[in-house]
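Subject: Structure handover

Hello,

Here is the structure I promised to pass on. Please open it first, then read my notes below.

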Amino acid sequence: METENTQRELDLIDLIKICWGWFVKFICKPCFFLFKFAIKKWWVILISAIVGFAISYCISTYNPKYLGNVIYENNVGSSSDYVNSIRLLSRTTPEYMSEVLGIPIEEAIDIIGIAPHAIYYRDTLQTSYFVDMNDDASMEYVAHQNRFAIEIKAYSKNAF
């Protein structure tokens, strides 16, 4: 019975040896390999970095997307009518969008989407509010009756 217990026990020094072996195998050797590769093939790393920077620069300047938020206060009619008209406007043609918004057709073509978002009060005194950008506010918040936010996404800053 005594020999069986001693065979199953693990000393602290054995545990340290096992952890050191894992450290050497999975951290030191790969780092050493990468270091040797970087010294031998420095030109591969340099060319890869230059190509990566060039590609990321081209992608970022080729098709940028801008996001704008406008808080709109409606003192004339019901906000739900305006919200529905904005939702419909986001699905229309650029010609109709430029006519309704009063912007040139070139800028209306750059608009990706228009989405209305509700504004809710944070407290019962109705002193502060927040814009529900994800449309997931719980039922405990009270919606602002005549205010809503419009989110505009466009390829160009001129659309704003």
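Leaving aside its neighbours within four places in sequence, which residues is Ala 108 in contact with? They are Pro 94, Met 97, Ser 98 and Ile 103. Contact here means heavy atoms within 4.5 Å.

Some ground rules. This is a predicted model, where local features need pLDDT of at least 70 and side-chain atom pairs count only at pLDDT 80 or more, while totals for chains, interfaces and linings use all residues. Residues are numbered from 1 along each chain as its sequence is written, and side-chain values use heavy atoms, with hydrogens and water left out.

**Overall**

The protein has 6 helices and 4 strands. Their order along the sequence is α-α-α-β-α-α-α-β-β-β. Both kinds of element are DSSP runs, numbered from the N terminus: helices are H or I with at least four residues, strands are E with at least two. Of the 160 residues, 18% are buried. Buried means under 20% relative accessible area, exposed over 50%, and partly exposed in between (1.4 Å probe, protein chains only). Take the contacts between residues at least 6 apart in sequence: 58% of them join residues at least 24 apart.

**Ser 98**

Ser 98 sits in helix α5, residues 94-101. Its relative accessibility is 11%, so Ser 98 counts as buried. The Ser 98 side chain reaches the backbone oxygen of Glu 95 at 2.9 Å. Beyond its neighbours within four places in sequence, Ser 98 is in contact with Ile 103, Pro 104, Ile 105 and Ala 108.

**The core**

Ala 108 also belongs to the largest nonpolar core, which has 12 residues in all. Met 97 and Ile 103 are among its other members, as are Phe 148 and Ile 150. Such a core is a set of buried Ala, Val, Leu, Ile, Met, Phe, Trp, Tyr and Cys residues joined through side-chain atoms within 4.5 Å. Elements giving two or more residues to this core are α4 (79-89), β2 (111-121) and β4 (142-154). The largest share, 4 residues, comes from β4.

**Leu 10**

Leu 10 lies in the loop between α1 (2-8) and α2 (12-40). Is Leu 10 buried or exposed? Leu 10 is exposed, because its relative accessible area is 53%.

Best wishes

Note on methods:
A polar contact is a pair of N or O atoms within 3.5 Å; within protein, one must be able to donate a hydrogen and the other to accept it, and residues adjacent in sequence count only if both atoms are side-chain atoms.
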